[in-house]
Amino acid sequence: YRFDMQANVQSTWNRIPQNQIIMSLGYMGSMIFDEPLRKPGAGITLIPYVTSGYSQRFVENGVRIPGKPVYSNDAGLDAKIQISSGLNLDLTANPDFSQVEVDEQVINLDRFEIFFPERRQFFLENADLFSSFGSERINPFFSRRIGVTQDPSTGQNLQNPIYAGARLSGKLDNNWRVGLLSMQTARNNAIAQPSVNYTVAAMQRKVFSRSNIAAMFVNKQAFSSRDSAGAAFNRVAGLDYNLASSDNRLTGKVFYHRSFSPGGNSKAFAHGASAEYRVKRFAMGWEHQSVGRGYNAEVGFVPRKNYFSVNPYAMYFFYPGKGAFIQHNIGGAASVLWMPELGRTDHEINLWWEGNMRNTSEW
C-alpha cells in the first residue's frame, strides 16, 4: 500500500474494501516465482560482546579519601541457528541489554500498573507466539518480568541478571507454529532471592481459512525457596481460539486460562470473549472479561483481579460523494465493570462523531 499525502490518496496492490484496515492479512496477494526458490543452507550467526570499566573515587562528602580503583569486566554471547526456513533457535549467555532503547517517561494517574512494551531484541522475534494469549489487560506471559525482581522489604523493582537462555520459535509447516522459551536468572543474596527459571511453551494450529487454536504453558520455578519470600513455583496454562473470517468481516477471540500456585488458590481462572463484525457501512463489537480472585500470573501482565466486565460498541459510516468530507462516522461504546462483593463499581459511556476531510484534516 502507498499513501500520497499531497493528493490524499491511498493506493493498494489488491482491492481492499472501505472500512477494512489497509494492512489486513485477509486481502494479501500471492507472489509466484518463475522458478522454485533454492533451499537455504544452514545459517549460524554469533554476536559476542566484551565490556570493561574502571572507576576511582577521590572525594566523599566533601572530604578527600584515598580512593581505591574499581574494575569491572564482563563478556557474553548471542547465537542464532537456522533450523529451517521458518524455524530458528536463539541462544544467549550472560546477555547485555545496554543498547536497548529506554522507555518513555510517563506519569501514572491510574490505580494500576502501567504497561511498557518489550524492547530487548532477544524477546522480539516471533513475540506474538508467546504474548498474544488472552487480552491486553489479561496477558499470562509478559517477557519483561524476566530479568526483574522485587525487594520484598521495599517493594522496589531491581535488575536481576540473566545467566543464559534459549528460544526455539517459528513455523513447522503451513498449519503449525511452535514456541519454546527458557531463561535462567541469577540469585540475589542481598534480598534472599533464589535463582529462578522461566519456561514458556506455546503451540498454534491453523484452522479454517485464517483462524487458529493456540495452547500455552508458563512455568516460573525457584531453585530454592527456603530463604525467599516468594513461592516455590507459579504456573499458568491456557487455551485460546482466534477467529478471523476469510474476508476479515468477522474477527474475535475466546480464551480460558488457569493459574497454579502452592496451596491451590480458589477462583484461579481468567476467561474472556470478543467479536467484531465490520462492513462498509457499519461495525459493531462485544467484549467481556472475567478474572477470578485467586488468578495469579506472576510472569504475566494482569493489573486487576476479581472482576467481570462487558464492553459493547457500534459505529455507522457515511461516505459523501461531494463536499469537504470523504468519510465520517457516528458511534457509541460502553464499559461496565462489576466486582462480586461490591456490584457495579466502574462504568463509562462514550458517544462520538469523527470525520476525515479531503484536505487531510480530521475532526
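**Charged pairs**

Begin by selecting aspartate 346, which is partly exposed with a relative accessible area of 24%, where buried means under 20% relative accessible area, exposed means over 50% and partly exposed lies in between, with a 1.4 Å probe and protein chains only. The model is a predicted one, in which local features need pLDDT of at least 70 and side-chain atom pairs count only at pLDDT 80 or more, while totals for chains, interfaces and linings use all residues. Residues are numbered from 1 along each chain as its sequence is written, and side-chain values use heavy atoms, with hydrogens and water left out.

Arginine 111 counts as exposed because its relative accessibility is 59%.

Next, select arginine 145 and glutamate 113, whose side chains meet in a salt bridge at 3.0 Å, N to O. Here, too, distant parts of the chain are linked, since arginine 145 is in the loop between H1 and E8 and glutamate 113 in the loop between E7 and H1, 32 residues apart. Arginine 145 is partly exposed, with a relative accessible area of 22%, and glutamate 113 is partly exposed at 37%.

For another setting, go to arginine 278 and glutamate 276, which form a salt bridge of 3.4 Å, N to O; arginine 278 and glutamate 276 are both buried. Then display Lys80, Asp90, Glu125 and Arg167, which salt bridges with shared partners join into one network. In the whole structure, the search finds 17 salt bridges.

**Pocket and cavity**

Turn to the largest pocket, with a volume of about 1,300 Å³. On a 1 Å grid over the protein atoms alone, a pocket is an open set of points with protein on both sides within 12 Å along at least five of seven lines, a cavity is a set of points where a 1.4 Å probe fits but cannot get out, and lining residues have an atom within 4 Å of a point. Select Arg144, Arg145, Gly147, Val148 and Thr149, which are the closest to the pocket's centre of the 47 residues that line it.

One cavity of 30 Å³ or more is found in the whole structure, and the largest cavity holds about 50 Å³ of space. Its lining includes Asp128, Phe133, Met203 and Lys253, and H1, E12 and strand E14 (233-244) each give two or more residues to that lining.

**Nonpolar core**

Finish at the largest nonpolar core, where Phe141, Ile146, Leu181, Met183, Val218, Val291 and Tyr295 touch the most other members among 29 residues; a nonpolar core is a set of buried Ala, Val, Leu, Ile, Met, Phe, Trp, Tyr and Cys residues joined through side-chain atoms within 4.5 Å. E12 gives the most to this core, with four residues. Centre the view on isoleucine 146: leaving aside neighbours within four places in sequence, isoleucine 146 is in contact (heavy atoms within 4.5 Å) with Arg120, Phe123, Phe141, Ile162, Leu181, Met183, Thr185 and Tyr198.

Notes
Grid points are joined across faces, edges and corners, and a volume is the space filled by probe spheres set on the points. A salt bridge is a side-chain nitrogen of Lys or Arg within 4 Å of a carboxyl oxygen of Asp or Glu.
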